[in-house]
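Please examine the structure before reading on.

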Amino acid sequence: MVCSHIPRAGTTSKLSARLAKDALYIVVPIAAVLVCWQLFAKLSGVPAALLPPVESIAKALFRMATEGTLWVDIGGTFLRLLKAVIIGAVVGTVLGALMGNFRHWERTFVVPLNFLLAIPGTALFPLTMLWFGLSEMAILSILIYEVTLTVMANTWSGVKSIDICPLQP
């Protein structure tokens, strides 16, 4: 019996060549974008406040990392995202399950759901700024909107696709 998880002789060089090739597919596009960005930022005449060069961004990231503010900001972003995912998942799951199980709920929410799915959350940001100002609530409301609609649509679809025949006695 041959075990498929044990590498055969000569496969490590093939594996390392494959990993190097895969790394190129990741590194080359990123490097190309950074080079184009740097060239455009330096040669276009666009003010650095609107299009900063790559080295300015790298210096700012390094400075923020050494001061500790970068990690605080990253933590705040993840906390905000976690709040939105929890709230949006609960609301979306409940509404999607109701839509999948009860025809009245489905008829009530299917048209607004399809309409709202066509509107990206970033398009609503100016409206949320009018309602909430440039605040935490404006950002959270956009994130909750996106998560709720996505979870709601997928839960509804999942519940509707369940074959209830095996579940019936």
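**Exercise 1.** Determine which residues of α5 and α6 meet, and describe how the two helices cross.

*Solution.* In this predicted model, Phe125, Thr128 and Phe132 of α5 meet Met137, Ala138, Ile139, Ser141 and Ile142 of α6. Turning to geometry, the axes of α5, which spans residues 125–132, and of α6 come within 9 Å and cross at roughly 140°. Because an angle over 145 degrees would be needed to count as roughly antiparallel, α5 is classed as oblique to α6. The handedness of this crossing is right-handed.

**Exercise 2.** Identify the residues that make up the largest nonpolar core, and state which elements give two or more residues to this core.

*Solution.* The core has 8 residues, namely Leu95, Met99, Leu113, Tyr145, Leu149, Met152, Ala153 and Trp156. Two elements, α3 (69–101) and α6 (136–160), each give two or more of them, and α6 provides the largest share, with 5 residues. Taking one member in detail, and setting aside residues up to four places away in sequence, Met99 touches Trp105, Glu106, Phe109, Val110, Leu113, Met152 and Trp156.

**Exercise 3.** Decide whether Thr148 is buried or exposed, and find its contacts beyond four places in sequence.

*Solution.* Thr148 lies in helix α6. Its relative accessible area is 10%, and since buried means under 20%, Thr148 is buried. Apart from neighbours within four places in sequence, Thr148 is in contact with Gly88, Val91 and Gly92.

Note on methods. Residues numbered from 1 in each chain as written. Predicted model: local features only at pLDDT ≥ 70, side-chain atom pairs only at ≥ 80, totals over all residues. Heavy atoms only, no water. Core = buried A, V, L, I, M, F, W, Y, C linked by side-chain atoms within 4.5 Å. Buried < 20%, exposed > 50% of the residue type's maximum accessible area, 1.4 Å probe, protein only. Helix = DSSP H or I, 4+ residues; strand = E, 2+ residues; numbered from the N terminus. Contact = heavy atoms within 4.5 Å. Axes fitted to C-alpha atoms, helices over the stretch in contact; angles between N-to-C directions. Parallel < 35°, antiparallel > 145°, perpendicular 65-115°, else oblique. Left-handed = near helix turned anticlockwise from the far one by under 90°.
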